[in-house]
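Me: I am new to this structure. Can you show me how to read it?

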Amino acid sequence: IMSTREERTEWFLKDRFGMFIHWGLYSIPARGEWVRSIEKITIEDYQKYFEEFNPVNYDPKAWARAARNAGMRYVVMTTKHHDGFCLFDSKLTDYKATNTPAGRDLIREYVDAFRAEGLKIGFYYSIIDWHHPDFPAYGDRQHPMRDNTAWKDKQHNFANYLEYFHGQVKELLNNYGKIDIMWFDFSYNDMAGEKWEATKLIKMIRSLQPDILIDNRLGGNIKSRDPEIYAGDFASPEQIIPPEGVLNEDGELIPWEACITMNHNWGYAAADKDFKSSGQLVRALVECVSKGGNLLLNVGPTAKGEIPKESLFILLEIGEWMRQNGNSIYHCGKAELPKPEWGRYTQNGKKLYAHIYDRGIGAIGLLGLKGKVRKARLLSDGSEISIQEPWNTGHYGDAAFINFQSSRLPDGVDTVVELELI
């Protein structure tokens, strides 16, 4: 029996926070994961990275601990990016980690380590491939050889490529136990939907892993009243948090997840030190949840197999906030109230969470909640917050008021007050 999208996404909409991992040969040139396309590097010139790829410090158990300690509940890792290099031991290609000095199936170790930490497991798989001889090159939108005239008359048997792509997905879903997310990337121009034999692919995937979640990047219209079978279980806005979340044609929220980098690159970029602050990223997570969405936050490990220290530090700080305030994220979604001027709301049933960013002056007004709050507690330590009507508030409609003793907020990033509604 086919599960419904509502059934499949139930855990996803409770867990809310995941880790994205972009890792591959491109960690050696260390100029981001698109380096082959941007610099138009030939297969021959890129080969040196294959021959030296040896992540001596790869410790997926340490990665998994970092994710769990940050409060993340699931993870998605690149099994193959656009350059075609496979981190798993595929029988369908020699272009894989087992044939580099690394000499082993790096995905197997990833799955085992993250599963042991209790995280749900996702596979990112690029449906485009700049290494496979049957993937169209000359004249393509982004292939490294797109304007190389030597490639102009090369013949491609696209059916061969599709067999390869579908075959690798089958390997990934057969060989690593239960997989929770299949994250495809990406469709463009006419390379979408049935060009990928998407219906056939989805049927194969569901036959192997009936409960797996699939993103919306095979093509199709996930916002439609009658989406294609391959339109996906969740929308995947990239490097943006949509102003109203993601709504279908009827204006109803559908499952969505914003994928966001910590700096400006997905893959390791040695020179890119422009990292977002942990506070910015905590607020990004809160914003996603307040609009009914998830946050998938990326790390790009180095050629040695280490998550950059800046990223680890950010994860540590997010984790400290999450340990105190996670109840305002997990199992929460969009509140029944409009966005307040001082911050955001998230809600889980009768528990309404006020995420206060702005101290303002005097008591903090909660519009529409007069007489509706049973009690208020600071989420981080459980201490009582007074909800009284100060003498000067009587003229202002149906607001309840939070009274902080101090002129500063307890947490400058996000002070969370748990309001128990009547």
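This is a predicted model: local features need pLDDT of at least 70, side-chain atom pairs count only at pLDDT 80 or more; totals for chains, interfaces and linings use all residues.

Me: What secondary structure does the protein have?

Reply: Count the helices and the strands. Here there are 10 helices and 13 strands.

Me: How much of the protein is buried?

Reply: Of its 422 residues, 57% count as buried. The accessible surface comes to about 18300 Å², and carbon and sulfur atoms hold 48% of that.

Me: Which residues have the most contacts inside the largest nonpolar core?

Reply: They are Tyr110, Phe114, Phe123, Phe165, Phe184 and Trp196, in a core of 100 residues. Helix 7 (residues 158-174) gives the largest share of this core, 8 residues. Apart from it lies another core, of 20 residues, including Leu378 and Ile385.

Me: What does Phe114 touch beyond its neighbours within four places in sequence?

Reply: Its contacts include Met19, Trp63, Val75 and Ile121.

Me: How many disulfides are there?

Reply: Look for pairs of cysteine sulfur atoms within 2.5 Å. A search of the whole structure finds 0. For Cys259, the nearest cysteine sulfur is that of Cys288, 10 Å away.

Me: Is Cys259 buried or exposed?

Reply: Check the relative accessibility: buried means under 20%. Cys259 has 1%, so Cys259 counts as buried.

Note on methods: Residues are numbered from 1 along each chain as its sequence is written. Side-chain values use heavy atoms; hydrogens and water are left out. A nonpolar core is a set of buried Ala, Val, Leu, Ile, Met, Phe, Trp, Tyr and Cys residues joined through side-chain atoms within 4.5 Å. Buried means under 20% relative accessible area, exposed over 50%, partly exposed in between (1.4 Å probe, protein chains only). Helices (H or I, at least four residues) and strands (E, at least two) are DSSP runs, numbered from the N terminus. Contact means heavy atoms within 4.5 Å. Accessible areas come from the Shrake-Rupley method with a 1.4 Å probe; for residues, only the protein chains shown count as cover.
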